[in-house]
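Here's a quick tour of one protein chain. Have a look at the fold yourself, then read on.

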Amino acid sequence: MSDFIVSARKYRPSTFDAVVGQSSITSTLKNAIKSNQLAQSFLFCGPRGVGKTSCARILAKTINCENITENVEACNTCVSCKSFNENASFNVHELDAASNNSVDDIRKLVDQVRFAPQVGDYNIYIIDEVHMLSAQAFNAFLKTLEEPPKHAKFILATTEKHKIIPTILSRCQIFDFKRVGINDISNHLAFVAKSEGITAEQEALHLIAQKSDGAMRDSLSLFDRLASFSDKQLTYQGVIEHLNILDYDYYFKVTDALLINDIKSLLNLFNEILDNGFDGHHFINGLAEHLRDILVAKDESTLKLLEKGDALQDRYLEQSKACELSFLIPALNLCNECDVQYKTSNNKRLLVELSLMRISSIGHQMTEKKSPKSFVVTLNDEKKHVSVEKVPEIAQKTEKTTENTEVSTFKNIEEKEIVAPKSTPRISLSGKKKSKTISITAAFQDINKVNEEDQEIDTSKLRKTDFPASAMLKTWKEVIVFVKQKGKSNLGITLGVFPPKLKENYVIELPLSNSSQVEMMMEEKYMVLEFLRNKLENDYIEITTTIIEGEKSNIPYTNKDKFAKMMEENPHLETLRMKLGLDPDY
Ligand SMILES: [Zn+2]
């Protein structure tokens, strides 16, 4: 294996047409070269490993080529092309700003710029990770960028466009590189596999592509790693084992079970998944992704968003026929809810199981056209009637001691408990008269309407004890103690900054001083609500937040603010700042 070259390097594209998944950028560049309207400076933005540096090098090579082809590509045979291909060209200068970001580094580069090239027409300066340049280095570079000599071209590359100062942005032609599509990546991997004499199942390559999140370079190194393990045989099974990916087959099976409300199978499948070493959070998010893919497969106009191999695509199409939108959208909502509550739940396994049952009950409503509104669930030997909407709260309440809680009994008690079923929302594709496309927004509106109706039915079971503001404040203090005991001292502090106010309809308004406090509050709101509702015996309690304007400016958040605050204490700082020429913004 002494001649082993990593695929990412060996298969680095050497012409515009060989760049995978960035055709709009390469064709724009080609057109500019052809019509001789190439900008002087470029900014290539986009995620890592998607071809920014490759494109920069190809551009540099092409504009120096002595006989550019009809198709506006470098000939790869002239002296200039050859020296490029051997990494020996004097026309290209690369600077990695991640490691060379000082003023001196930039000055060295700027000094070179005024010399015209010995061979070829242009000197090209590629500055990678340009956002890493220090503020002073940026300033030193700006003048050169403003008035570059004719023979110099600059290609700046960055993964973080938002960090580039406007004076640079305005002087460059900007190209936004996209993540490479999964199909594009897996096709390219198939090409590499073939060239390397590796047999690879399409599904296996597809998984690698999926796992590398749109970065060609990452997918190639993953491919290399797996190929070296697998003795030139890449199989789907081998890849899921090595990458610890949950077999998509499970999601198909779970969805089938959801559709027929087969709770036994659901619990068994989920148990098997846990036994295989996957956690519930991973599973529920995977299920959400699967349902999303099915949603996308329902209509031709969105089918292109489904990035799956051919064989798998057929399977999605088939399952999508069995799933109505009136199932998929609430099911996705429930997965999302489970995802949000997962972190704070005391019994994570039960939370996922109950979420599966809730989703399953929608599937059931859809097939049976009548809806079970509650289950009997046995928790800690205590039988409970649980309405479909309330299930996650139960999971939340169950203490850690019940880790092995089995949902031993649950059956739909349709005859007694069911409140007259409302008509199920039917948003069938064929049912729509004229428009062929689905409107997701419209579907959501319909579903929300149904949810409101459901809540009306449930309200009779909800607690609604009146309480005075004083009781709320007392309980609020208890909440603070409670969350601190749970180890969430930051939340405790946030809750204690200002006293909350009791508004109409049991809404409690909590004043906060900044948006990061609001964010923390939103994340942990469920825990606080749960506590308040139970203590005050009122399920209508809601929490809203408001930011106190006057407070906002008093707390130093930006560097400028902090500096101003420090100046109050020591005014000499300003003199020092001016002497050093520092800008508090950087
Ligand atoms: Zn050439």
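A residue counts as buried if 20 or more other C-beta atoms lie within 10 Å of its own, as exposed if 12 or fewer do, and as partly exposed in between, with C-beta atoms placed from the backbone. On that scale, buried residues make up 33% of the protein's 586 residues. Bear in mind that this is a predicted model, where local features need pLDDT of at least 70 and side-chain atom pairs count only at pLDDT 80 or more, while totals for chains, interfaces and linings use all residues. Residue numbers start from 1 along each chain as its sequence is written.

The protein has 27 helices and 12 strands; these are DSSP runs numbered from the N terminus, with helices being H or I of at least four residues and strands E of at least two. Two residues are in contact if their C-beta atoms, placed from the backbone, lie within 7 Å. Of the contacts with a separation of 6 or more, 74% are between residues 24 or more positions apart.

Now for the inside. A nonpolar core is a set of buried Ala, Val, Leu, Ile, Met, Phe, Trp, Tyr and Cys residues joined through C-beta atoms within 7 Å. The largest one has 62 residues, and F44, I155, L156 and I208 touch the most other members. At least three of its residues come from each of domain 1 (7–176) and domain 2 (182–243), with bounds taken from an automatic or database domain assignment. Leaving aside neighbours within four places in sequence, F44 is in contact with K52, C55, A56, I155, A157, F175 and F177.

Is I126 buried or exposed? I126, in strand β3 (residues 123–128), is buried because it has 23 C-beta neighbours inside 10 Å. I543 sits in strand β12 (residues 542–547) and is partly exposed, because 17 other C-beta atoms lie within 10 Å.

Finally, helix α12 (residues 248–259) packs against helix α13 (residues 263–275) at an angle of about 160°, their axes 9 Å apart. Axes here are lines fitted to C-alpha atoms, for helices over the stretch in contact, and angles run from 0 to 180 degrees between N-to-C directions. So α12 is roughly antiparallel to α13, a label for angles over 145 degrees. Y250, K253, V254, A257 and L258 of α12 make the contact with S265, L266, L269 and I273 of α13.

Key. Angles under 35 degrees count as roughly parallel, over 145 as roughly antiparallel, 65 to 115 as roughly perpendicular and the rest as oblique.
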